[in-house]
Amino acid sequence: MKKQLTIQLSKAEGALVRLLGLVERRGYSATYLMASPTEHDVFQIEMTVESQRPISKLVHQIDKLYDVKNVEKRQ
Amino acid sequence: MSPNTSLKYKVKTNGAQVILKTMLSEGVDIIFGYPGGTVLPIYDELPNSPIRHILCRHEQGAVLAADGYARATGKVGVCMATSGPGATNLVTGLANAMLDSIPMVALTGQVSTDALGTDAFQEVDTLGMTMPVVKHSFLVRKPENLQWVLREAFNIARSGRPGPVLVDLPKNVQTSMAPFAECERLKTTSNTLQAPSHLDSALALIRSAKSPVIYAGGGVGIAKAQALFKEFVDRTKIPTVTTLKGLGLLSKSNKLNLGMLGMHGLQAANLAVQESDLLIVLGARFDDRVTGKLSGFAPNAKVLHFDIDPAEIGKVREADVAIKGDLAPALKQLNKRLDLTLDIEPWRERCQHLKSEHIWNYHPHVTWRDFETEDPQTQVYGPRLLKNLSKSLGPNGVIACDVGQHQMWVAQHCDFHRPENHLSSGGLGTMGFGLPAAIGANLGRPCDKVINVTGDGSFMMNLQELATLNRYKIPVKIVLMDNSCLGMVRQWQELFLEERYSETLLNDNPDFARVARAFGLKAKRIWREDQEDEGISWLLRSRGPALLHVVLDDQTNVWPFVPPGNDNSSMMKGVDR
């Protein structure tokens, strides 16, 4: 099942790797990723993930990352 | 996070001093560490700091000692190691702290910023390597970021659901001039209680339950909510089970305490959970060692789940009602609104019946040949020895155990009055945890007796820390339960692999008493039942560090045992019961 996420992520050292590592480690695979820098040292990330597991569980885990400002499922 | 800080820098000093001063302002009194090339500037400043440094003999010993210190005191444990192998040796301890939600700050040296990424001597990507096993981590490339990063590291480690935070410190950042501001430590932000209106639904669930069980975990102790928890249990009189990390929340003598649940849980605890119609889950996470076969776990129970970490709600088992946030205010509000008298007397009686039906037999009739005379004798029985040890130790004693059969016996047979008196590697199951954890605990709580209960397998994993005991004359008492095998793995091989004991027999162990004496400890060996009491008494009377070498039969297993893949109602009971 594919789901789309929008994430605001601080441009801190290792933040992107940390995010992607978490996605894979929790049993989801990222099939599309677009990271665009904004003016406020933040990446605007559009990500599509695929998994048998419910997306809400991944959203909770991503939300716990220190560098994540916001994460939302896109309908 | 950007260095958005309200710090008013007044002085400049070298980075190493900023690191130590900031830690002092965060309340650090002890660092467990091991020096090396890239942390030399910090070590050079250490003698000028009031912070005490404890030299462990391996970085894994240092990180696990910091973990034990944190568990026993509730404060943030701090450890330090050099780059490369120093940092790689921390990884096990970081994972251990992560899985058990232990507040910790780990400092690692790193090669200078201009050498980063060049495969320099003792360079590894510490930040990348440790990402999956820390709550967060920082690499400080600029000296001006040192103070706010360190303050933030402590704040992250102790706030919300605690965990380990790693700060990687390039050598040139430690030697450069850096700004420093005298300041108070950051106020820890706790997750405030979300949607307290859900308490109405929670109370409605509790009111309508006919066979409720409280299932309490490590989160209660972490939230410092033991008194509120006890009030909740006392007032509702709901039968209670705890996880490994929840042991100590209620003493064994409390009638409502059915004991630990799970793979090696007590029968009354597991059966009550299986029969329950409501699980009130307080700071616990449905670990697979707790649930057994998930689909068969408490199959008829609704779930009321309290947790500070929203990601735990519904992660393994869906909750019917969830209260997200700090347990202390949640329990406080719940207790305030407990105007109910529960109509569950038949259920309480049923649980008491389960409890009385499964009383442990501490005198199995098993004999073996005497260690010295070869005459048949009654052997030492591990569960009995530990039960009596716990009784002699009293309510303030701390037991740090290792991993394996002895760990489960400690959980089943020792009585704890506070969760911070039982230090056990729950999530990661780290053999070698016990001795360094006991060192950290004893330094954090010098007025309390600290025991390390270990096995012959685990003991060998951080044996070098005997030198730390001797160096600082730390009066840790070691009970080494030696059955000349990796007992828990051997038990699985016996039960499920047709007794093929592949690489688990350790009949070539060294003479542990002589090893201990070589490190400056007092040591004594016991092997017969009639030596048990004298052995315990000798150990607790000894001044300074001491080791009691307990020779056990290798056939004694841990019971009950829920075979993997089964639900918790199918508990195996062994012959030695």
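Reply: Start with the axis. An axis is a line fitted to C-alpha atoms, for helices over the stretch in contact, and the angle between two axes runs from 0 to 180 degrees between N-to-C directions. Keep in mind that this is a predicted model.

Me: At what angle do helix 11 of chain B and helix 14 of chain B cross?

Reply: They cross at roughly 30°, and their axes come within 9 Å. Angles under 35 degrees count as roughly parallel. Helix 11 of chain B and helix 14 of chain B are therefore roughly parallel to each other. The crossing of helix 11 of chain B past helix 14 of chain B is left-handed.

Me: Which residues of helix 11 of chain B and helix 14 of chain B meet?

Reply: From helix 11 of chain B come B:Leu228, B:Phe229, B:Glu231, B:Phe232 and B:Arg235. Facing them in helix 14 of chain B are B:Ala328, B:Leu331, B:Lys332, B:Leu334 and B:Asn335. Sorted by class, this contact of helix 11 of chain B with helix 14 of chain B has six nonpolar, one polar and three charged residues.

Me: Now a second pair. At what angle do helix 12 of chain B and helix 15 of chain B pack?

Reply: Helix 12 (residues 267-275) and helix 15 (residues 345-357) of chain B pack at about 150°, with axes 9 Å apart. That makes helix 12 of chain B roughly antiparallel to helix 15 of chain B. Their crossing is right-handed. On the helix 12 side of chain B, the contact is made by B:Ala268, B:Leu271, B:Ala272 and B:Glu275. Helix 15 of chain B brings B:Trp347, B:Arg350, B:Cys351, B:Leu354 and B:Lys355. The contact of helix 12 of chain B with helix 15 of chain B holds six nonpolar, no polar and three charged residues.

Me: How do helix 3 of chain B and helix 5 of chain B cross?

Reply: The axes of helix 3 (residues 59-73) and helix 5 (residues 91-99) of chain B cross at roughly 20° and come within 7 Å. Helix 3 of chain B and helix 5 of chain B are therefore roughly parallel to each other. Among the residues that meet are B:Val63 and B:Leu64 in helix 3 of chain B, and B:Leu94 and B:Ala97 in helix 5 of chain B. The contact of helix 3 of chain B with helix 5 of chain B divides into four nonpolar, four polar and two charged residues.

Me: Next, burial. Which residues of helix 9 of chain B are buried?

Reply: Buried means under 20% relative accessible area. In helix 9 (residues 198-208) of chain B, the buried residues are B:Leu199, B:Ala202, B:Leu203, B:Leu205 and B:Ile206. They cover an arc of only 155° around the axis, which puts them on the same side of helix 9 of chain B. Their cover includes helix 11, helix 14 and strand 13 of chain B.

Me: Which residues are buried in helix 2 of chain A?

Reply: In helix 2 (residues 55-64) of chain A they are A:Ile55, A:Leu58, A:Val59, A:Gln61 and A:Ile62. They span an arc of only 165° around the axis, which puts them on the same side of helix 2 of chain A. What covers them includes strand 1, helix 1, strand 3 and strand 4 of chain A.

Me: Last, a single residue. Is B:Ala516 buried or exposed?

Reply: B:Ala516 counts as buried, at 0% relative accessibility. B:Ala516 sits in helix 22 (residues 512-518) of chain B. Leaving out residues up to four places away in sequence, B:Ala516 touches B:Leu466, B:Leu521, B:Ala523 and B:Leu547.

Notes
Residues are numbered from 1 along each chain as its sequence is written. Chains are lettered from A and ligands numbered from 1 in the order in which they are written. This is a predicted model: local features need pLDDT of at least 70, side-chain atom pairs count only at pLDDT 80 or more; totals for chains, interfaces and linings use all residues. Side-chain values use heavy atoms; hydrogens and water are left out. Buried means under 20% relative accessible area, exposed over 50%, partly exposed in between (1.4 Å probe, protein chains only). Helices (H or I, at least four residues) and strands (E, at least two) are DSSP runs, numbered from the N terminus. The arc is that of the directions from the helix axis to the C-beta atoms. Contact means heavy atoms within 4.5 Å. Angles under 35 degrees count as roughly parallel, over 145 as roughly antiparallel, 65 to 115 as roughly perpendicular and the rest as oblique. A crossing is left-handed if the near helix is turned anticlockwise from the far one by less than a right angle, and right-handed if clockwise. Ala, Val, Leu, Ile, Met, Phe, Trp, Tyr, Cys and Pro count as nonpolar, Asp, Glu, Lys and Arg as charged, and the others, Gly among them, as polar.
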